[in-house]
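Subject: Structure handover

Hello,

Please load it first, then read the notes below it.

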Amino acid sequence: MKKTLENFQELSTNQKFLEYIATDTPFTYCGILRKNSTSILYLVENRRTHEKIILKRMRKRTLNRTKYKKSFVQEQQVLQALELAYVPTWLGNGMVGKVPFFMMTYMEGENILEHGPYAALDALRIIKQVSSLLQKIHEQGYVHRHLKPENIIFKHQQLAIVGFDQATKITMPNKMTSEELYKQTTICSDIDQLARLFLTLTDETGHLKWKKVEIALEQRRYTKSINRLLSRAMGIRKLFSSLEEFDDALEHCLNELCTPSM
């Protein structure tokens, strides 16, 4: 009964947003781009310029949950702070009834996994590209923390990063910082995500679950250097102290694969 009521409320809220887009904005509704348990992303197009943008709203069921409200506000703050061509630009926000929304530029392209699965060498090259993009995000004081394949967009040999709903400011650790907090709020969290992304990109089954990708590390056969890279990135061995140190180890793996064996 509760689930039925929630579904009805969500349908009602959805209708209100479609009416809002049609009557109160210069946009035409194109469809739902993505939805999850906490939010819905609409793709809309400017009637005059034909530019496409994203309108993201909270789901009704999450409105009274402080955790999700804080995350929704925080995502906007991060997007407003970042000034990078490969990251969505925050365009504005508002309310429809009691449901908050914000708008951002649409990063057109394909999910990076559309071209997978990848050989280890190709996956490492992609990880290297993503790492270089993360470097600039880190320089502006933020970590992404959610580098799933659907958040890596590919178009004309260029990559873009979306999905900043878990992004946060980088924490400067001190002696009181727990190991778990250290992994979650420093650049270590993004290095862990890069390792998970590699394992997902090389998955041939298509059934690998993001939160359990470390299982794949035990089951697959990579070179010793790649296994060491992934183990350190995921905290199974000594953590990398910086993204630069991770990049150096990554470069070693690439060179090893590119150098023909005698």
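**The cavity and its lining**

Helix α5 gives the most to the lining of the largest cavity, with three residues. Helices here are DSSP runs of H or I with at least four residues, strands are runs of E with at least two, and both are numbered from the N terminus.

Before the rest, the ground rules. This is a predicted model, where local features need pLDDT of at least 70, side-chain atom pairs count only at pLDDT 80 or more, and totals for chains, interfaces and linings use all residues. Residues are numbered from 1 along each chain as its sequence is written, and side-chain values use heavy atoms, with hydrogens and water left out.

The search gives one cavity of 30 Å³ or more. A cavity is a set of points, on a 1 Å grid over the protein atoms alone, where a 1.4 Å probe fits but cannot get out; lining residues have an atom within 4 Å of a point. Grid points are joined across faces, edges and corners, and the volume is the space filled by probe spheres set on the points. The largest cavity has a volume of about 30 Å³. Its lining consists of Leu124, Ile127, Leu194, Ala195, Phe198, Leu229, Leu230, Phe246 and Leu250. Two or more of these lining residues come from each of α3 (120-139), α5, α7 (224-233) and α8 (243-258). By class, the lining has nine nonpolar, no polar and no charged residues. The nonpolar class is Ala, Val, Leu, Ile, Met, Phe, Trp, Tyr, Cys and Pro; Asp, Glu, Lys and Arg are charged; the others, Gly among them, are polar.

**Helix α5**

How far apart are the end C-alpha atoms of helix α5? They are 21 Å apart, and the 15 residues (187-201) should span 21 Å at 1.5 Å a residue, which agrees. The expected span is 1.5 Å times one less than the number of residues. 15 of the 15 residues of α5 are buried, so this helix is largely enclosed by the rest of the structure. Buried means under 20% relative accessible area, exposed means over 50%, and partly exposed lies in between (1.4 Å probe, protein chains only).

**Strands**

Three strands form an open sheet in the order β6-β8-β9, with antiparallel pairing. β6 (110-111) and β9 (158-161) stand at the edges with a single partner strand each, so one side of each has no neighbour in the sheet. Pairing requires at least two DSSP bridges between two strands. β6 joins β8 (residues 152-155) through two bridges. Glu110 is opposite Phe154, and Asn111 is opposite Ile153. β8 and β9 pair over four bridges. There, Lys155 has Gln158 as its bridge partner.

Strand β5 (residues 99-105) has two antiparallel partners to look at. Strand β3 (residues 52-58) pairs with β5 over five bridges, and Leu55 has Met103 as its bridge partner. Strand β4 (residues 90-96) is joined to β5 by six bridges, with Trp90 opposite Met104. Seven of the seven residues of β5 are buried, so the strand is largely enclosed by the rest of the structure.

**Backbone geometry**

Most residues other than glycine have a negative phi, and most peptide bonds are trans. The exceptions below deserve a look.

- The Gly116 to Pro117 peptide bond is cis, with omega near 0 degrees. Pro117 is in the loop between β6 and α3.
- His50 has a positive phi near 65 degrees. This residue is in the loop between β2 (39-46) and β3, and is exposed at 52% relative accessible area.
- The hairpin of β8 and β9 has two residues between the strands, and His156 takes a positive phi near 50 degrees.
- Gln157, in the loop between β8 and β9, has a positive phi of about 65 degrees. Gln157 is exposed, at 60%.
- β4 and β5 form a hairpin with two residues between them, and Gly97 in the turn has a positive phi of about 65 degrees.

**Cysteines**

How many disulfides are there in the whole structure? The search finds zero, taking a disulfide as a pair of cysteine sulfur atoms within 2.5 Å. Cys188 is buried at 3% relative accessibility. Cys258 is partly exposed at 45%.

Best wishes

Definitions and conventions: On a 1 Å grid over the protein atoms alone, a cavity is a set of points where a 1.4 Å probe fits but cannot get out, and a pocket is an open set with protein on both sides within 12 Å along at least five of seven lines; lining residues have an atom within 4 Å of a point.
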